[in-house]
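Subject: Structure for your set

Hello, the structure is pasted below. My notes on it follow.

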Protein chains: 2
Amino acid sequence: MAAKTWPDSLAGMDLDEFLHRAEDLHGHLSPGVVAGAFMVDRASREHVPGEYLNAVVETVVCLPDAVQILTPCSLGNGFMQVLDWGKFAITLYDRMTLRGVRAWLDPAAVKGNQIVAGWYLRPPDAGKVDKEVVIRELFSCGRELVKSAPVKLGAALKSTEKVPTGLCPVCGESYPLRQGPSCLACQGQGYYRL
Amino acid sequence: MAAKTWPDSLAGMDLDEFLHRAEDLHGHLSPGVVAGAFMVDRASREHVPGEYLNAVVETVVCLPDAVQILTPCSLGNGFMQVLDWGKFAITLYDRMTLRGVRAWLDPAAVKGNQIVAGWYLRPPDAGKVDKEVVIRELFSCGRELVKSAPVKLGAALKSTEKVPTGLCPVCGESYPLRQGPSCLACQGQGYYRL
């Protein structure tokens, strides 16, 4: 399946296994998930993942799935934090030492690769992007397009406080009491109507 | 593995497959993931999932992983939206018709189940919760503890707009231009230092 220059594995996961899991979780293979996989791979190489591995993802698009596939961190287990910053970058860190490695897709390197640049930098003159071609190119040279730097966090991003909860007097459901006398939906912030 | 009264499948997924995937994504089986699975199961039964299935999860804790395991919706593919509301509820809906079903763990029903109540309602006199026991109890009677209602959304929660991006003049990375003259990290909101 993989061409000669593709890596056999990413972040310690066999490439076929990665492709299979990407299909399962993400539904299809996207350039963002593949680029994310190379970021996780890079950060993993420079930061030996220990017992206390946490992740930060700086965009909601694609990258969270790469992290969820390739690390033990998920949104639901709280070890992956997601910032809606619109930046194609991730950090893996140790929540005890707060030390880790941030990895990102480097625009300077991407600029030299016409195929990836057409997708990532969205030049005004770029025609329709063929994502299959971008994915193949990323598998071939993703390692050259990712940069990384050691970082230290100011604090662990996973909250460990116990949040006091109670029943909303309007809908009767459980909610965090700090939000006020009723839950956010009953305060008018609901995204739905019955 | 499953006791007599446990369901054979949840939301169309074989129970053993669900247990296996929960281990993979979440790292372990938690009461929240199991409760979430029963919510997805309930919402799936009442809302035949079509081509345009989207999900809303009303807490960052545990439930997002149940949705990611049992539906085609993930955080990274954009079909699962997550609200940090602290409510144990999910909605599955069709992004074309905006109609769907919301399902939640019903405190009134949970109250009658001492084991699940000790975990979910956190009564002040509850001792240490044995999560294994809670999980077993949820598998046995999760269906009785989940309520649901048909809902209609005001708008699809997945954003489809193309966000103009450019290079941050400070760090050189790509970022959404609407955030200002530099990226959020370079505006001082970074969670890390080099």
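What share of the contacts in chain A with a separation of 6 or more comes from residues 24 or more positions apart? They account for 63%, a contact being heavy atoms within 4.5 Å.

This is a predicted model: local features need pLDDT of at least 70, side-chain atom pairs count only at pLDDT 80 or more, and totals for chains, interfaces and linings use all residues. Residues are numbered from 1 along each chain as its sequence is written, chains are lettered from A and ligands numbered from 1 in the order written, and side-chain values use heavy atoms, without hydrogens and water.

Chain A has seven helices and 10 strands (DSSP runs numbered from the N terminus: H or I, at least four residues, for helices; E, at least two, for strands). Its C-alpha atoms fill a box of roughly 60 × 40 × 30 Å along the principal axes.

At the interface, 58 residues of chain B are in contact with 59 residues of chain A. The two chains bury about 4500 Å² between them, 53% of it on carbon and sulfur atoms (accessible area, 1.4 Å probe, lost on being put together and summed over both). The rule finds six salt bridges across the interface (a side-chain nitrogen of Lys or Arg within 4 Å of a carboxyl oxygen of Asp or Glu). One of the salt bridges joins A:Asp24 and B:Arg21, with the closest N and O atoms 3.4 Å apart. Strand S7 (residues 146-153) of chain B gives the largest share of the side that touches chain A, five residues.

Regards
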